[in-house]
Amino acid sequence: KSLMRLLGTVCGITTAITILWLFGDNLYVVFITLFFTILIFTYIASSHNDISYAGTLGGVTVILILSSKHLGIDEAIQRGLYIVVGIAIALLVSRFVFPIHARDRLRYHVANTLRNLRKLYFEAIKLNGDANSEVIIDTELNARVIADIASQPRLIHEAVVGSRIFASKKIIFNAILNGEQNLSRLINLTYLSLREAELSVAVKDQLSSVEKLHIVIGNSLNHLAKCFEFTEQPQKMVNLDKAIDNITKTVENLPKNESAQRLIAEHSFLFFMEQILKELENLRGLMVKVNSKTSNGVV
């Protein structure tokens, strides 16, 4: 970003000095130059790439120089140098005095997403005493999860640029991002399957029979969030084979005389629960690698 800002400043200085050198302080030329350069730099600034920073600083630099009361090449060079020095100071301060690294922000966002996914999961499986009541999920919380996940590709890109060590593990960080997306989808599908099942007594019995696994899922999400945020090695929270066996037995005990739609919904929520457990174990393995001090992921 700083390089793009510097590039924009240099382009702005060059544009202003060229106009002053060719036409002097001719007021009409200055107005025409400001009009067209602002259009060009505004178009560049509207880009979604890093070059947008060049457009912003380029436009500001041209305006500052050509709107000066004392137009001249010496004045243009002096003002340009002030801006360059300002960028250099800001870069040094943000790098060494008050560092805000994308990799730290990424860890915070991933941890926050996992904690919010835990809240969403318990919202999705929450049942009250009324057998005909509908499962309610927090749509605002769901929107925050989606927004947090959407911001992470940008943070990964910035972190890769800022750290060679991070760049060597880019594939793993992208896999973790994909795992978050999968968990979000699975939790929403769990919610939808429970709603389609109309919260029958059979569904409540199923939820009760795998109650310990709900706790394991919640604890795993909290544990992974903490380990990822503070670069710790996550421990195995569940015996996956045993958990899947438990789910399989629950499926076998489902009533066989339900309607086809309800039967599919009741089987679905257990299937999605199984996939959530598998995704959590996959995430744990990825975090072991990404938090490892060695290049091959050995703890």
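A salt bridge here is a side-chain nitrogen of Lys or Arg within 4 Å of a carboxyl oxygen of Asp or Glu. Arginine 115 and glutamate 229 form one, with their closest N and O atoms 3.1 Å apart. This pair links distant parts of the chain: arginine 115 sits in helix H5, glutamate 229 in helix H10 (residues 211-229), and 114 residues separate them. Helices (H or I, at least four residues) are DSSP runs, numbered from the N terminus.

The model is predicted: local features need pLDDT of at least 70, side-chain atom pairs count only at pLDDT 80 or more, and totals for chains, interfaces and linings use all residues. Residues are numbered from 1 along each chain as its sequence is written, and side-chain values use heavy atoms, with hydrogens and water left out.

By the salt-bridge rule, the count is seven.

| Pair | N to O distance |
|---|---|
| Arginine 115 – glutamate 229 | 3.1 Å |
| Lysine 226 – glutamate 232 | 2.8 Å |
| Arginine 105 – glutamate 158 | 4.0 Å |

Glutamate 158 and arginine 105 also bridge distant parts of the chain. Glutamate 158 belongs to helix H6 (residues 139-162), arginine 105 to helix H5 (residues 102-125), 53 residues apart.

Now accessibility. Buried means under 20% relative accessible area, exposed over 50%, and partly exposed in between (1.4 Å probe, protein chains only). Glutamate 158 is buried at 18%, whereas arginine 105 is partly exposed at 37%. Arginine 115 is partly exposed at 29%, and glutamate 229 is partly exposed at 23%. Lysine 226 is partly exposed at 40%. Its partner, glutamate 232, is partly exposed at 30%. Salt bridges with shared partners join Arg105, Arg154 and Glu158 into one network.

Key. Helices (H or I, at least four residues) and strands (E, at least two) are DSSP runs, numbered from the N terminus.
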